[in-house]
Structures are given as C-alpha cells and as structure tokens.
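Please read the following report alongside the sequence and the model.

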Amino acid sequence: MKLIPSALKRGFEALLTPLVARLVSAGVRPNAITTVGTAVLVGAAVAVALGQVRLSGALLLLSGVFDMLDGRVARAGGRTSPFGAFYDSTLDRIGESALFGGIALYFVSGGVPDAWRVPALAITMVALAGGLIVSYARARAEGLGLECTVGLAQRAERVLGLGVPTLFFGAGPQGLLLAAVVTLLALMAVVTVVQRVMHVYRITQPAPRQTQARRAPPSALAEYSQRGTTSE
C-alpha cells in the first residue's frame, strides 16, 4: 500500500525529465545534487528551529525535488556508482536527523503549550527513529539480496506529509498542527517498520514441502485393527 498514487509519481517524474536532460548535458554531477539537496534540508531544519515553519516546509519540499533528481541524473548520464548510492543514503539520513532535531528544538523552545512539550518531544524522537529504521530495514534487506520496498510511509510520503501542511498552514494554532503531523508520521513509520519485517520474514521462509499421505494396503489395515494396539 502506498499513500502517493503511482500515476501522480509518474506525472511528476515526467515534469522533471527536461530538467534531468539539461543537468546531464551540463555535466552536473549527481553527488553535487545530493550535497545541495542535503544543504537545503539542513536549511529547513534551521528554519523550523527558529520558528519559520512555513519556510521550513517550502525548503523541505524543495529538498525532495533534489532527492528525486540525483538518482535520475546518475542513471541518465551513466554515472551510477556504489559510492554514489552510499553517499546519497548517508546524506539522506543526516538531513532527516537534522530536520527532526530542528522540530524538537521548536517544540522545547515554546512552539507548543507547556503541557505538550514532553509528549511532542517524545513523539518527534519516535518519528526520527522510525524513519531511520525504515531506511535501515530496506538497506539491510537489499544487502542480503532481498527486495524490500513495501511500506506505508517511504521517504516521499514523509516529505510530502510534513512539507505540504507546514507550507500552507505553518505550525497551526499553538503548534498543535505540526505536533499532529509529526505524530502521524511516527505512527506511519512504526507501521512501515512492521510491514517490512513481516515482508522479509515471509520471503525468507522455506517453501512448505508437499507430502502425500501414504495409504496402507487393506491387508495391513486389517492386521492392524486385529492387533488393537498403537505405536508411538
């Protein structure tokens, strides 16, 4: 189950195709795109920590565009490499950690009422840990040669789920909208972790062996019934 329809993803990717072609022709390196995207995401973290929640949402969505571009530029330009994949994944985790760290700072610095500070901080930590484990579960499975792209909340869902509401509505009254969004992301991350664990469990189980019941010949059954005993 995916929250973002495949048709919507394909449509957005089609819009990016001319830009990908221009970046490839200009010789832009995919790792440079990854670096800039992470810098934008860290900027989103700084913005939310300073209370500029709408700016943070805009920067978060922009970082998502960079995240979609780097891999496509690498494939279109024939520049895919093991280091590029490693670099992209590592910087994604750095940016995501910075973002939720900025949200945590926003909450503890008065972004929500006093009674909500500790719960909001705790749920932010759950959202951060859940997001990291979602990514780790896929990476670990793929390291074992297994496919593991299932899940309710992948990176694109997390970016849109947090970026769109904050861009249009900010943190909401007393920061409670942002707290509610982070809570939803935390729940979705936990569900996704469970989905991926169950998926890997299913595909790693040996296929059940088909056994055929052996029927004893009638004479043997008659002899068995006459003895009136059983063996264990």
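Ring pairs join Phe83, Phe86 and Tyr87 into a cluster, where rings of Phe, Tyr and Trp (its six-membered ring) pair if their centres lie within 6.5 Å, and planes under 30 degrees apart count as stacked, over 60 as edge-to-face and the rest as tilted. The model is a predicted one, in which local features need pLDDT of at least 70 and side-chain atom pairs count only at pLDDT 80 or more, while totals for chains, interfaces and linings use all residues. Residues are numbered from 1 along each chain as its sequence is written, and side-chain values use heavy atoms, with hydrogens and water left out.

The structure holds three aromatic pairs, and two of them are set out here.

| Pair | Distance between ring centres | Angle between planes | Class |
|---|---|---|---|
| phenylalanine 83 and tyrosine 87 | 5.6 Å | 25° | stacked |
| tyrosine 106 and phenylalanine 107 | 5.9 Å | 55° | tilted |

Phenylalanine 83 and tyrosine 87 are separated by about one helical turn, because they stand four residues apart in helix α4 (residues 82–111); helices here are DSSP runs (H or I, at least four residues), numbered from the N terminus. Tyrosine 87 is partly exposed, with a relative accessible area of 21%, whereas tyrosine 106 and phenylalanine 107 are both buried; buried means under 20% relative accessible area, exposed over 50% and partly exposed in between, with a 1.4 Å probe and protein chains only.

The largest pocket contains about 1600 Å³ of space. A pocket is an open set of points on a 1 Å grid where a 1.4 Å probe fits, with protein on both sides within 12 Å along at least five of seven lines, and its lining residues have an atom within 4 Å of a point. Of the 45 residues that line the largest pocket, Asp67, Arg72, Asp88, Asp92 and Arg155 lie nearest its centre. The largest share of this lining, ten residues, is supplied by α3.

The largest nonpolar core has 23 residues, and Ile103, Phe107, Leu162 and Leu178 have the most contacts inside it; such a core is a set of buried Ala, Val, Leu, Ile, Met, Phe, Trp, Tyr and Cys residues joined through side-chain atoms within 4.5 Å. Helix α7 (176–204) is among the helices that each supply at least two residues of this core, and α7 gives the most, with six residues. Leaving aside neighbours within four places in sequence, isoleucine 103 is in contact (heavy atoms within 4.5 Å) with Val48, Thr124, Leu162, Leu178 and Val182.

Definitions and conventions. Grid points are joined across faces, edges and corners, and a volume is the space filled by probe spheres set on the points.
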